[in-house]
Amino acid sequence: MARRLVTFGLHVHVGVDSGDKAVMICDRIMRHLPTLLALSVSSPFWEGRRTGLHSHRSKVMEGLPTAGLPTQMRNWSEYVWLVNHMIDTGFINTIREIWWDVRPHHQFGTVEVRICDMPANLHDTLAIASFIQCLVKALSDEIDQGTVEIGYVLLNTPNPQDIFVARLDPAPVFEHNNYVIGQAIPVTYVPARNTILLSYALGLAEVMGANAIVIAATAVDYSGYVDCRPEFYRAFQEVARLGTKRGVEGDVIEIRTPLIAMSKAEIVRKGEDLGVPWALTWSCYKGGERACGVCDSCQLRLKGFREAGARDPLPYARLPKAAKPG
Ligand SMILES: [Zn+2]
């Protein structure tokens with residue numbers, strides 16, 4: 001392996017404001033690394049023989065245990081933790097033994113892009129170095145503007161419905177619509193659901209450094225769900241203020257409910273304006289191929305579409321006459 005390691009790579013350093021930013025840029029620049037490699041490939045030979053590869057060097061580097069893409073990290077402290085962990089466990093002796101395709105350089109205060117082969121002439125080298133410099137600058141501006149990466153965190157949590165509703169008799173939910181919307185707490189009520197979901201979101205928001213949690217509850221067509229009321233969200237805002245480290249330190253995570261004062265009809269109209277693909281949305285509490293048309297979620301949805309004069313493309317198992325969509 002050591003003998004094979006006679007390779008020539010181009011390492012480009014770009015200075016950035018802070019360690020946190022260096023780690024964030026390393027994270028965001030990863031998707032551009034294949035392009036940078038493709039632009040620079042120039043190592044088809046090994047010991048005078050054709051390897052059949054455009055970049056033999058990148059394959060050699062791949063064989064090293066601390067090379068390749070870095071682990072996903074969100075900030076400087078995660079990076080420091082990881083490096084210390086690797087040293088403590090004897091995986092590496094010093095930070096110099098980390099040869100990721102991109103890494104924060106702790107001494108120079110730079111983002112160091114190491115994916116490229118060494119181009120054969122100065123002109124190409126300068127072009128690629130300038131390109132990387134522009135890329136880092138663009139990503140840095142993106143971070144300064146507060147642009148977040150589009151992505152999601154998939155939480156593997158127990159379903160509150162399984163924990164709580166299974167203890168109740170589920171039969172009345174879909175059997176018969178024997179209650180009037182808004183007059184009682186519906187049988188589809190899931191115990192403490194929004195409290196549970198917001199609690200997960202609050203913990204995530206705190207560690208991710210998010211400013212706000214947005215939840216699409218609506219209270220206008222009030223159907224009796226107690227955790228859809230404005231007073232509940234005002235109370236949860238207090239939870240966020242008093243129950244998190246950030247909240248107590250004055251950096252309160254905001255609980256936003258942009259739809260809370262909108263009727264279902266207004267929400268449908270807004271969705272029509274935005275071109276929401278309604279066929280991909282679902283409201284029914286009953287699983288299956290078709291929405292039941294009976295549960296109060298279906299009823300409120302149908303009422304919203306009817307009042308907005310819009311067509312609900314979902315297939316319904318049963319449609320009350322008055323509720324037939326456009
Ligand atoms: Zn339904």
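Before going on, two remarks on what you are looking at. This is a predicted model, in which local features need pLDDT of at least 70 and side-chain atom pairs count only at pLDDT 80 or more, while totals for chains, interfaces and linings use all residues. Residues are numbered from 1 along each chain as its sequence is written.

Now the overall figures. The protein chain has 12 helices and 9 strands. Both are DSSP runs numbered from the N terminus: helices are H or I with at least four residues, strands are E with at least two. Of the 326 residues in the chain, 23% are buried. Contact means that two residues have C-beta atoms, placed from the backbone, within 7 Å. Among contacts in the chain with a separation of 6 or more, 69% are between residues 24 or more positions apart.

Ile29 is found in helix H1. It counts as buried because it has 21 C-beta neighbours inside 10 Å. Setting aside residues up to four places away in sequence, Ile29 touches Val102, Val113, Leu135, Val136 and Leu139. Take Leu135: it is 106 residues from Ile29 in sequence, yet the two C-alpha atoms are 7.7 Å apart. Val113, leaving aside its neighbours within four places, is in contact with Val12, Ile29, Leu36, Val102 and Ile132.

Three strands form an open sheet in the order E1-E7-E6, with antiparallel pairing. Strand E1 (9–15) and strand E6 (102–105) stand at the edges with a single partner strand each, so one side of each has no neighbour in the sheet. On average, neighbouring strands are turned by 25° against each other, direction ignored. Two strands count as paired if DSSP finds at least two bridges between them; E6 and strand E7 (residues 110–117) are joined by 4. Arg103 has Glu112 in E7 as its bridge partner, and Pro104 stands opposite Val111 in E7. E6 and E7 form a hairpin with 4 residues between them, and Gly109 in the turn has a positive phi of about 70°.

What packs on this sheet? Helix H5 (residues 122–144) lies across E1 and E7 and runs at about 40° to E1. Such angles run from 0 to 180 degrees between N-to-C directions, with axes fitted as lines to C-alpha atoms, for helices over the stretch in contact.

Elsewhere, two helices pack together: helix H11 (residues 264–274) and helix H12 (residues 296–308) meet at about 65°, with axes 7 Å apart. The contact has 6 nonpolar, 1 polar and 6 charged residues. For these classes, Ala, Val, Leu, Ile, Met, Phe, Trp, Tyr, Cys and Pro are nonpolar, Asp, Glu, Lys and Arg are charged, and the others, Gly among them, are polar.

Most residues other than glycine have a negative phi. Glu47 is not a glycine, but its phi is positive, about 50°. It is found in the loop between strand E2 (45–46) and strand E3 (49–50). Is Glu47 buried or exposed? Glu47 counts as exposed, with 8 C-beta neighbours inside 10 Å. Ala192 also has a positive phi, near 55°. Ala192 lies in the loop between helix H7 (172–175) and helix H8 (193–208). With 14 other C-beta atoms within 10 Å, Ala192 is partly exposed.

Conventions: Buried ≥ 20, exposed ≤ 12 C-beta atoms within 10 Å, placed from the backbone.
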